[in-house]
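Subject: Structure for you to look at

Hello,

Here is the structure I promised to pass on. Please open it and keep it beside this email as you read.

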Amino acid sequence: MANPWECANAKEWDSMTAKEWFDKICWCQSTKNTAAILTRTIYAVEPEDVSFLYFLWYLKVGHGFLRVMQTEDGAQERKFEGGSQQICEKIADLIGKEKVVCNSPVIKLEQSEDGVIVRTSDGSTYQAKHVISALAPTLLGRIAFSPPLPPLKTQLIQRFPMGSVIKAILFYENSYWSENGYNGTVGSDVILPSACDDTKPDGSYPAIVAFINGKHAREMTQLTKDERKRILCEFFAEIFESDEALRPVNYVEKNWLTEEFSGGCYVGVTPPGVLTQFGPVLREPYGRIYFAGTETATEWTGYMEGGVQAGERAAREVLHAVGKISKDEIWQDEPVSPDLPVMPLITTKWEKVLPSVPAFINFTIFSAILCAGAIVVVKKPSLFDAIKTSLTNIATLQL
Ligand SMILES: Cc1cc2nc3c(=O)[nH]c(=O)nc-3n(C[C@H](O)[C@H](O)[C@H](O)COP(=O)(O)OP(=O)(O)OC[C@H]3O[C@@H](n4cnc5c(N)ncnc54)[C@H](O)[C@@H]3O)c2cc1C
């Protein structure tokens, strides 16, 4: 599903927030709280911030809720030994470091029939035949376009806010949580939605990584780094039942809300009404300018995988523009990785057959009516005849 705005229920789902949907179908407060924790964990926003259509679409392109949430065979399974920054460094090595310009933000794109002039904040200019922008949509608002972006694109980029995350890592002398029988994974509706063990695979550098997301990030960004550290230490001391949590040997954090060149993370998330009204211009090229970035992906949007898929698609759009490939070669499926094949998700029998509460209630009411009917037929045939006659009379009258 590349275009969620084309699905049958698009209008209905895009006119409500995820919270409105949770309120409609969840029967108890604890389920609503769990849904809010999951929204903060996955999208880094509050359930009232995000369109229900976007909420569903994001799970769909992440191959379902379980795949997105799970560690084993899920989105959380793998880490890069040495960190993911190596990807950029190795690509820079491949194309030649002298060709990669860093610390020089683009401030203006001037487009003509022959090409695009790229102007950067340090006064440099670059001439290009085509440009691929891989910025989050909202950051495009900081770049001047000449001629200006088309009206719907201009409006779209004003409606695509980034999520709110402060990521913190607390390093300890020992992994005291495992000594106390805990695996380090935390899901909570106070302070942070999720945390987990971040010790290196060889057991060195025992650490807990904490993601402070959504409203908690918006509250905690008002505090100082030391205050955040103290709150987290006290929180983990309570959760893991150990005063050792109060004595980290190191504390590092990244407040993504203060990051000028992302404006937040993990991804831009649309409120109601945006996808259905502005979605069609999300990936639409503007003359010689093409749009990539994980928000434009049709698989794993919000993840690095989505960023790569979108980048490759935009590169093929340029190849098509210069006549090197045909139009139907632009969109290609990612080949399955031979090193890392996708494994089927294992679900229990109960997870497969248990109905939702409304389905269970409907089933119970329907069954009760059927049973009552059967009892009437067997035990009181005269009453059954009377009901049948009345129904026939009503039907005749209506005709
Ligand atoms: C804390 C955190 C944890 C995450 N964890 C994971 C994870 O575990 N797995 C996963 O797959 N994804 C994860 N993500 C999401 C992942 O980082 C993004 O999906 C991915 O980086 C998106 O790639 P992109 O190329 O679309 O955008 P970006 O990586 O944001 O790249 C855009 C680039 O454009 C630059 N830029 C901005 N403005 C300008 C300008 N005016 N001129 C020039 N350059 C500019 C930015 O500096 C940036 O380098 C995480 C993100 C965060 C913040």
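Below is what was found in it, from the whole chain down to one residue.

First, a caution: this is a predicted model.

**The whole chain**

The chain has 15 helices and 11 strands. Its C-alpha trace spans about 95 × 65 × 45 Å along the principal axes. For a compact globule of 399 residues, the radius of gyration would be near 21 Å. This chain has 27 Å.

Now look at how the chain meets itself. Take the contacts between residues at least 6 apart in sequence. Of these, 66% join residues at least 24 apart.

**Surface and charge**

Of the 399 residues, 37% count as buried. The chain exposes about 23600 Å². Carbon and sulfur atoms supply 58% of that area. As for charge, there are 39 positive and 49 negative side chains. The centres of the two sets lie 5 Å apart.

**The cores**

In soluble globular proteins, nonpolar side chains tend to be buried together. Here, the largest nonpolar core has 25 residues. Which of them touch the most other members? They are Tyr43, Val50, Tyr54, Phe55 and Val269. Three helices each supply at least two residues of this core: H2 (18-25), H3 (29-43) and H4 (52-61). H4 gives the most, with eight residues.

Zoom in on Phe55. Leaving out residues up to four places away in sequence, Phe55 touches Ala18, Phe22, Thr39, Tyr43 and Val50.

Ala44 is in the loop between H3 and H4. Is Ala44 buried or exposed? It counts as buried, because its relative accessibility is 0% and the cut-off for buried is under 20%.

What does Ala44 touch? Again leave out residues up to four places away in sequence. The list is then Thr39, Gly163, Ser164, Val165, Asn213, Gly214, Arg218, Cys265 and Tyr266. Pick out Gly214 from that list. Ala44 and Gly214 are 170 residues apart in sequence. In space, they are 4.9 Å apart, C-alpha to C-alpha.

Best wishes

Notes. Residues are numbered from 1 along each chain as its sequence is written. This is a predicted model: local features need pLDDT of at least 70, side-chain atom pairs count only at pLDDT 80 or more; totals for chains, interfaces and linings use all residues. Side-chain values use heavy atoms; hydrogens and water are left out. Helices (H or I, at least four residues) and strands (E, at least two) are DSSP runs, numbered from the N terminus. The radius of gyration is taken over C-alpha atoms; the globule rule is 2.2 Å times the number of residues to the power 0.38. Buried means under 20% relative accessible area, exposed over 50%, partly exposed in between (1.4 Å probe, protein chains only). Contact means heavy atoms within 4.5 Å. Accessible areas come from the Shrake-Rupley method with a 1.4 Å probe; for residues, only the protein chains shown count as cover. Lys and Arg count as positive and Asp and Glu as negative; His and the chain ends are not counted. The place of a charge is taken as NZ of Lys, CZ of Arg, CG of Asp or CD of Glu. A nonpolar core is a set of buried Ala, Val, Leu, Ile, Met, Phe, Trp, Tyr and Cys residues joined through side-chain atoms within 4.5 Å.
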